[in-house]
Amino acid sequence: MEVCTIDFSTEAVSNCTHFTESVYESCKEILPQNTVDLVEDTDIVSALNMLKGENSQKFRIVGDNWDLEVKARCQTKSQTNKSMHYFHAYAVKDRVVPKGLDSTGPQKSIDEIEMQEILPTPEVQEAIISDLAYIIPRVLVKYLTPYKAFSKAVMYHIPHAHSKEMAEKIRSAAEMAQILDVLQAKYVPTVTSAGGEAEILQKVIFDGIN
């Protein structure tokens, strides 16, 4: 196979559509360190494969409705109460990146593992018990007939200061689809082939605020 050399200097790539200094520096970090700005096409392919794999830092998009009601002190025909609905979204980076970790074998011999390394800490146990205090009653009234009479006493949604607002259905399916289209176009890494088809380099999880 014939290997091509690509000029990856700032001057050569600065005219690209999505060029920015930060993106350029990030790309250089995952490419082989050379004294000259020339890389082989195989290095580019390796970098793309790395981005598709599990050893690159992932992120997720978290979003939720943001509703604001502005009441006019003195209402007139042109100045009335306003109900504004926005959608707030932000990106969260994964805090742990499994770079260089071997997934083909154990990291430690079974003889060297201490039980305190794998057992949950007292804090984790308390958190689990707190969660189960709400989950177990739901299971009991759903699957055990003698307990079905208590179904109205079970707490299905933990109340908080904004329970009423969170229960309101604000976004229609069409509006939500439009928001997802924008997030997909702006924040999901893709590469466009010569035929104009976009290939996703890295899937991005879309999460909500509970």
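Author: The model is a predicted one.

Reader: What makes the 30 Å between the end C-alpha atoms of α5 agree with its 22 residues?

Author: Helix α5 covers residues 122–143, and at 1.5 Å a residue it should span 32 Å. The expected span is 1.5 Å times one less than the number of residues. The end C-alpha atoms lie 30 Å apart, so the two values are taken to agree.

Reader: Why is C74 called exposed?

Author: Exposed means over 50% relative accessible area. C74 has 54%, and is therefore classed as exposed.

Reader: How many disulfides does the structure hold?

Author: The structure holds zero disulfides. The criterion is a pair of cysteine sulfur atoms within 2.5 Å.

Reader: How do you know that β3 and β4 pair?

Author: Pairing requires at least two bridges between two strands. Twelve bridges join β3, residues 59–70, to β4, and these strands run antiparallel. Within this pairing, G63 stands opposite A89 in β4.

Reader: What makes β4 and β7 edge strands?

Author: The open sheet has three strands in the order β4-β3-β7, with mixed pairing. Strands β4 (82–93) and β7 (205–208) each have a single partner strand, so one side of each lacks a neighbour in the sheet. Neighbouring strands of this sheet are turned by 30 degrees against each other on average, direction ignored.

Notes:
Residues are numbered from 1 along each chain as its sequence is written. This is a predicted model: local features need pLDDT of at least 70, side-chain atom pairs count only at pLDDT 80 or more; totals for chains, interfaces and linings use all residues. Side-chain values use heavy atoms; hydrogens and water are left out. Helices (H or I, at least four residues) and strands (E, at least two) are DSSP runs, numbered from the N terminus. Axes are lines fitted to C-alpha atoms, for helices over the stretch in contact, and angles run from 0 to 180 degrees between N-to-C directions. Buried means under 20% relative accessible area, exposed over 50%, partly exposed in between (1.4 Å probe, protein chains only).
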